[in-house]
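Subject: Structure handover

Dear colleague,

I am passing on the structure we spoke of, and would be glad if you could look through it alongside the notes below.

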Amino acid sequence: MVAPLLRSLRPAQWSKNVFVLAPATFAGGLTDPETVTASVVAALAFCAAASAVYLFNDLVDRERDRRHPTKRLRPVASGALGAVPASVACSILAVLAGGAAWTLNSQTTFLVAAYLAVNLLYTLWLKEIVIVDVMVLSSGYVIRVLAGAAAVGATVSAWLLLCTVFLALFLGFSKRRHELILLPGEAGEQRAVLTHYSPTFLDQMMNVVTASTLLSYALYTTADETVARFGAYSLIWTVPFVLFGIFRYLYLIHQAENPKQRNPTELLLFDLPFLVNIGLYSLTVLLIVYVGGPAE
């Protein structure tokens, strides 16, 4: 039972919780042990919360998943993990997520609870409403950033928050596009809302949020508050990495071979150029924030 349970937790998806660490990173808090500890605890809380959501979703959709070419292999859908142990694990993880957040502060606890509640509504209802479904999915990233800030007492730039919103929408629309391409002509049988989407429509929306993501991040790097914090326009040198990351992602979902084999998020975890770019971006940010130093 252990191996199927671990697969159901989808640890590859925990990479999304890097958004929880962003506020502490950009606030220069990684040199403070207490700030690092609080950020890690918040990230772990969201790992537990996300896994609880995945288990709940698998339980609700297990009959539908059994007719899907890849989801039928999920432990709950395949029967490798029974409904009872999956339900128990889901409940325990939700409690652990709330408990971890409670050790930080009430605001972080509220945001974790909001994340669980929003995803509960999504699984039971909101995922069937066109466009709203992607907006609700995207709210999870925003909640992560807000929770990361609440955990360490940091303030999130309005531009950085907007960038998160647009980036989350970009990822959400690309996920819907992948589902359509994976099951041409049959996607609506697996998820009714997909009958309201088309690759062309999704590409148009992705174009809008892609431009918005890049613009909001560029404006964040040149905002007065950012320049005052870092003492110069240094953060603007990270824009090329953001450009390459988004363009590489678009290349992978449009041009790369065998795009059907993995969902877009997992695809990135196995793409060397993208991983190298992320590493260089992270190194540049750390050098600017922690070596360059703020203005006196």
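The notes that follow cover a helix pair, a further helix and the cysteines.

This is a predicted model, in which local features need pLDDT of at least 70 and side-chain atom pairs count only at pLDDT 80 or more, while totals for chains, interfaces and linings use all residues. Residues are numbered from 1 along each chain as its sequence is written, and side-chain values use heavy atoms, with hydrogens and water left out.

Helices H3 (residues 33-60) and H7 (residues 106-124) have axes that come within 10 Å and cross at roughly 15 degrees, which makes H3 roughly parallel to H7 (angles under 35 degrees count as such). Their crossing is right-handed, and the contact (heavy atoms within 4.5 Å) involves, among others, Ala-49, Val-53 and Phe-56 of H3 and Val-112, Tyr-115 and Leu-116 of H7. Sorted by class, the contact of H3 with H7 comprises 13 nonpolar, three polar and no charged residues.

Helix H2 (residues 18-26) is mostly covered, with seven of its nine residues buried (under 20% relative accessible area, with a 1.4 Å probe and protein chains only); Phe-19, Pro-23 and Phe-26 are among them. After H2 comes Gly-28, whose phi is positive, near 75 degrees.

As for disulfides (a pair of cysteine sulfur atoms within 2.5 Å), the count comes to zero. Cys-47 has as its nearest cysteine sulfur that of Cys-90, 15 Å away. Cys-47 is buried, at a relative accessible area of 13%, and Cys-163 is likewise buried, at 8%.

With best regards

Note on methods: Axes fitted to C-alpha atoms, helices over the stretch in contact; angles between N-to-C directions. Helix = DSSP H or I, 4+ residues; strand = E, 2+ residues; numbered from the N terminus. Parallel < 35°, antiparallel > 145°, perpendicular 65-115°, else oblique. Left-handed = near helix turned anticlockwise from the far one by under 90°. Nonpolar A, V, L, I, M, F, W, Y, C, P; charged D, E, K, R; others polar. Buried < 20%, exposed > 50% of the residue type's maximum accessible area, 1.4 Å probe, protein only.
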